[in-house]
Amino acid sequence: MTSAKSSLGKVSSPTPSPAEPPLDLLPHDGLWGELAQAGFAVLRGVFSPPEVARLAAAFDRHYAEGQRLGRDFRHGNLHYRVRQDAVRGPQVRMVQWPSYGDAELAATRIDPRLFTLLSPGLGGDIKQIINQLHWKPPGDAEATFGWHQDIRFRRPRAAYRNPETAYLQTAIAIDAQGPDEGGVSFLPGSHRLGELDLDLGTPVLGAGLDEAALRRDGLDAERAVTPRLRPGDMMVWSLFTVHGSGPNRAEGLRRLYLNGYVRAADCDRGEWAFRSGRPCPLREPQLVHYEDLHRRPEPHFTE
Ligand SMILES: O=C(O)CCC(=O)C(=O)O
């Protein structure tokens, strides 16, 4: 069997054979130690090729829907972010909470493998605060994420407690990705520096990887690590880990499926994901980021 160790991702490890049960590849105990040390970790071959193919088909469905909508659109927590490009037409950048209407994505967000991964750090009662699809088409210079810590998005801050230890972001690679494809880059150890300025005020989506902003906070872009991922690999990181991603300079798409989790007792927001270890399917939308959820739940364009 392929070795069951996680890696900081500088060197890509062999993809496990599809015959191997991916659950056995999770470094349950080592993961949280590695997170504490580096602020991020990479898990190899968590999802099998057929599973990734089904997720890729879900991405295609949502991309087509975003193109049909043609501009930013919201229905409850479901939110399509679409940019008009004069040459290429509507470019779907991301979809937030696609799982409400998509059985494949919904099943993945509460997959038992994720519980196995999360529970040693977050316990048996876990809520979800992020459910997102990200696309980076080749050659699109604006499909980037500037250096940031996810803590900046947690509002109102009082609703999110113990941010150093109660949260875990996860991202499943749908396509192979690394430095050339605009893969996510991390600053190892940056999660221990607390909340940084990093030039707050500019939107993260569409921003470049500004080395000067990092230097002002005493960080060095030279130390960034960009894991090389195969489809089905997963990255995890903490709320304070400085990360970002540049443009996709390769030929194929770069897609990520992100799910962010929190120890339920430490968060007043979010959708239940696991209760006493049991998966919780989505029902009536709960308050997460969209403050007008109960005042304006109906479908509407936001631009
Ligand atoms: O998709 C990416 O490259 C960046 C994801 C990210 O930085 C985030 O969701 O916080």
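**Figure 1. The largest nonpolar core of the predicted model.** This core has 65 residues, and those touching the most other members are Phe40, Ala41, Ile126, Ile172, Ile174, Met235 and Val236. Leaving aside residues up to four places away in sequence, Phe40 touches Leu35, Phe186, Met235, Val236, Trp237 and Thr241. In soluble globular proteins, nonpolar side chains tend to be buried together. Buried residues account for 42% of the 303 residues in the protein chain.

Figure 2. The residues around the ligand are His134, Phe145, Asp150, Val184, His243, Ser245, Leu256 and Leu258. Two strands, β10 (243-245) and β11 (254-263), each give two or more residues to this shell. By class, the shell is made up of 4 nonpolar, 3 polar and 1 charged residues.

**Figure 3. The loop between β6 and β7.** Pro156 is placed in the loop between β6 (145-148) and β7 (167-173). The peptide bond that leads from Arg155 to Pro156 is cis, and its omega is near -10°. Asn162 also belongs to the loop between β6 and β7. Although Asn162 is a residue other than glycine, its phi is positive, near 45°. Most residues other than glycine have a negative phi, and most peptide bonds are trans. Asn162 counts as partly exposed because it has 13 C-beta neighbours inside 10 Å.

**Figure 4. Ser276 in the loop between β12 and β13.** The loop that holds Ser276 runs between β12 (271-275) and β13 (278-279). Ser276 is not a glycine, yet its phi is positive, at about 50°. Ser276 is classed as exposed because 7 other C-beta atoms lie within 10 Å, and a residue is exposed if this number is 12 or fewer.

**Figure 5. Ala103 in helix α3.** Helix α3 spans residues 103-109 and includes Ala103. Because 11 other C-beta atoms lie within 10 Å, Ala103 is exposed. Ala103 and Ala58 are 45 residues apart along the chain, and a distance of 9.1 Å separates their C-alpha atoms. In the protein chain, 79% of contacts between residues at least 6 apart in sequence join residues at least 24 apart. The secondary structure of the chain comprises 5 helices and 14 strands.

**Figure 6. Residues 1-26 and the confidence of the prediction.** Over residues 1-26, pLDDT stays under 50. The model has 53 contacts beyond four places in sequence for residues 1-26. Where pLDDT is low, the predicted coordinates should not be read in detail. For the protein chain, the mean pLDDT is 89, and 90% of the residues reach 70 or more.

Note on methods: Residues are numbered from 1 along each chain as its sequence is written. This is a predicted model: local features need pLDDT of at least 70, side-chain atom pairs count only at pLDDT 80 or more; totals for chains, interfaces and linings use all residues. pLDDT is the predictor's confidence in each residue, from 0 to 100. Two residues are in contact if their C-beta atoms, placed from the backbone, lie within 7 Å. A nonpolar core is a set of buried Ala, Val, Leu, Ile, Met, Phe, Trp, Tyr and Cys residues joined through C-beta atoms within 7 Å. A residue is buried if 20 or more other C-beta atoms lie within 10 Å of its own, exposed if 12 or fewer, and partly exposed in between; C-beta atoms are placed from the backbone. Helices (H or I, at least four residues) and strands (E, at least two) are DSSP runs, numbered from the N terminus. A residue is near a molecule or strand if its C-beta atom, placed from the backbone, lies within 6 Å of it. Ala, Val, Leu, Ile, Met, Phe, Trp, Tyr, Cys and Pro count as nonpolar, Asp, Glu, Lys and Arg as charged, and the others, Gly among them, as polar.
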